Each structure stands twice: as structure tokens, then as C-alpha cells.
Amino acid sequence: MTQSGSAHVPQHVAIIMDGNGRWAKQRGLPRIEGHRRGVETVRAVVDAARELGIRYITLYAFSVENWKRPPEEVSGLMGLLDYFLKRELDNLIKNRVRLLTIGRTEALPAGVQRELARVIDATKDFKDWTLVLALNYGSRTEVADAARAYATAVQEGREQLADASWDRFSRYLYTAAIPEPDLLIRTSGEQRVSNFMLLQCAYSEMVFTPVLWPDFGKADLQSALEEYGRRERRYGLTTEQIKSGSS
Ligand code: FPP
């Protein structure tokens, strides 16, 4: 059953996909097998999110810190990303899902950059569903990049310092064209945000699940939405104010 249009369906769900390594270790497999299974989960969760009426889904696929992992794991992850982009293009087009990225994608291998450009271009006109991949992403790097772009705009007279505000500054973040996440999910039992969308999640609800990412499925996503539906989002107001509709 689709929940599209329901008040409890978040518009934007961001996910920290964690636990691939532990999933593999529990089975005596190399870590890359966990990531390989993780890619299958990505497809299933993107499909499930659309079926549940979630318009934006952001997945933390590779952080700026992940370069410090063993070189064979980094190249394995890049290979999986390349494979995912090649394999998913038809599915994204069939389901009318637009692909966007956040992060310093210019530092990714040239082949991955080419695939990204191809998929982004082929899906750019889709409006209803958006998959955002966070690639070579880190919140602090994003703020540094935005600060540089904002300072350049001030120097060039496109921004006025006197007008500095969150509203103006946030236009320089990677996420300028994306609504803030309503719900942040982290799998594998870890309860931290690890340099992920720190500013954008200022008012996001957070759900932490012990399920390892390769085992995460539609039912787990639905449970997170149910938990989200039980939360009261107050944005600094009182319950009474929320109930009376004042803002
Ligand atoms: C965290 O598990 C997961 C990652 C660092 C990478 C996530 C990548 C994928 C799911 C596959 C590639 C993605 C796409 C979109 C094609 P971990 O390795 O930190 O797990 P552990 O904490 O159990 O070791």
C-alpha cells in the first residue's frame, strides 16, 4: 500500500548506511562482500522509499574520512559505485527517479565521475522522486566550501555582508536545491551522526536501528516511518502552540 500524501510520510529521509563490515565478519566473509550486499539493499530501499511516498532519499555512500580505509576497500567501494551506476540507470529511468550528488565528487575516480554525469544528465528532468548520493561528503568540508563560495560572492558584490543570514548562506551548501531531511536513520546500532548533514539535520527526527545495512529492508523502513509518525516536531515551540497551529 502506498502512503503517498499521508501526513506521517516524511518528504526527505536521509540514511547513514552502517554495518556492512560487521555483516560480512559475522559470516566469515571479506568486508567487500558486506558492501556488495549493501548495494543490493540500496536498490531495494530506493524502490521501497518511492513505494512509501518518500520524495527524497539521501544515502551516505562515501565520506571524506572513508579514504583512510585500506586501499583495497576504497577501490572496491569505487568499483561498486561504478557498477551500481551502470546497472541502475535503466531502473531509475523506468521509475522516474532523478539522481543528485552532494560532496566533492571531483575527487572521485574519472570513470565514476563519467558515470555520475551520465546518470545525472539522463534523469535530470524527473521531478517526483530524487535519490541523493553523498559521495566524498563531509559536513565540515561542505561548510568550508560554502564559506569560500559565499566569501567570493561577497568580494564580487553578489552578496552583501549586511544581509548575512542562514537563509542566504544555506544557498551555498551542496544541498541548496534539496529540502532538509525530516528523518535521519542510522543502521547497525551506532548512535552518532558522523559529520553527516550536521546543519541540515538541525530539526530532523533521528531513528537508530540495530539492523545492519545489508539486512535492512522495506519493513525496517516502514518501522522507522511509524516511529517518525509518533514524534512531535516542535521546532522550538510548545506543544500547545503546535496544536493551535501558530508558528
Ligand atoms: C558502512 O559500513 C558503509 C560504508 C562506509 C559504505 C556504504 C556503501 C555501500 C552501501 C555500497 C556502495 C554504495 C552505493 C550507493 C553503490 P561499514 O563498512 O562501516 O561497516 P562496519 O561499521 O560494520 O565495519
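Residues are numbered from 1 along each chain as its sequence is written, and side-chain values use heavy atoms, with hydrogens and water left out. Because the model is predicted, local features need pLDDT of at least 70 and side-chain atom pairs count only at pLDDT 80 or more, whereas totals for chains, interfaces and linings use all residues.

**Exercise 1.** Describe how H2 passes H3, and which residues of the two helices meet.

Step 1. The axes of H2 and H3 come within 10 Å and cross at roughly 25°, where axes are lines fitted to C-alpha atoms, for helices over the stretch in contact, and angles run from 0 to 180 degrees between N-to-C directions. That angle makes H2 roughly parallel to H3, a term for angles under 35 degrees. Helices here are DSSP runs (H or I, at least four residues) and strands likewise (E, at least two), numbered from the N terminus.

Step 2. The crossing of H2 with H3 is right-handed, that is, the near helix is turned clockwise from the far one by less than a right angle.

Step 3. On the H2 side, the residues that meet H3 include Arg36, Val39, Glu40 and Arg43, and on the H3 side those that meet H2 include Leu77, Leu80, Tyr83 and Phe84; contact means heavy atoms within 4.5 Å. By class, the contact of H2 with H3 has seven nonpolar, three polar and eight charged residues, where Ala, Val, Leu, Ile, Met, Phe, Trp, Tyr, Cys and Pro count as nonpolar, Asp, Glu, Lys and Arg as charged, and the others, Gly among them, as polar.

**Exercise 2.** Carry out the corresponding analysis for H3 and H4.

Step 1. The axes of H3 and H4 (residues 110–123) come within 9 Å and cross at roughly 15°, and the two helices are therefore roughly parallel to each other.

Step 2. The crossing of H3 and H4 is left-handed. Among the residues that make the contact are Leu81, Leu85 and Leu89 of H3 and Val112, Leu116 and Val119 of H4, and the residues of this contact divide into 10 nonpolar, two polar and four charged.

**Exercise 3.** Locate the largest pocket and state what lines it.

Step 1. About 670 Å³ of space lies in the largest pocket. On a 1 Å grid over the protein atoms alone, a pocket is an open set of points with protein on both sides within 12 Å along at least five of seven lines, a cavity is a set where a 1.4 Å probe fits but cannot get out, and lining residues have an atom within 4 Å of a point. Grid points are joined across faces, edges and corners, and a volume is the space filled by probe spheres set on the points.

Step 2. Of the 30 residues that line the largest pocket, Met17, Asn20, Tyr60, Ala61 and Asn66 are the closest to its centre. At least two lining residues come from each of H1 (20–26), H2 (31–51), S2 (56–63), H3 (71–94) and S4 (129–137), and the lining divides into 16 nonpolar, eight polar and six charged residues.

**Exercise 4.** Identify which elements line the largest cavity and the second largest cavity.

Step 1. The largest cavity has a volume of about 50 Å³, and its lining includes Val46, Ile57, Trp129 and Leu131. The elements that give two or more residues to this lining are H2, S2 and S4.

Step 2. The second largest cavity has a volume of about 40 Å³, and Arg43, Asp47, Phe84 and Glu88 are among its lining residues. H2 and H3 are the elements that give two or more residues to the lining of the second largest cavity, and H3 gives the most, with four residues.

Key. Angles under 35 degrees count as roughly parallel, over 145 as roughly antiparallel, 65 to 115 as roughly perpendicular and the rest as oblique.
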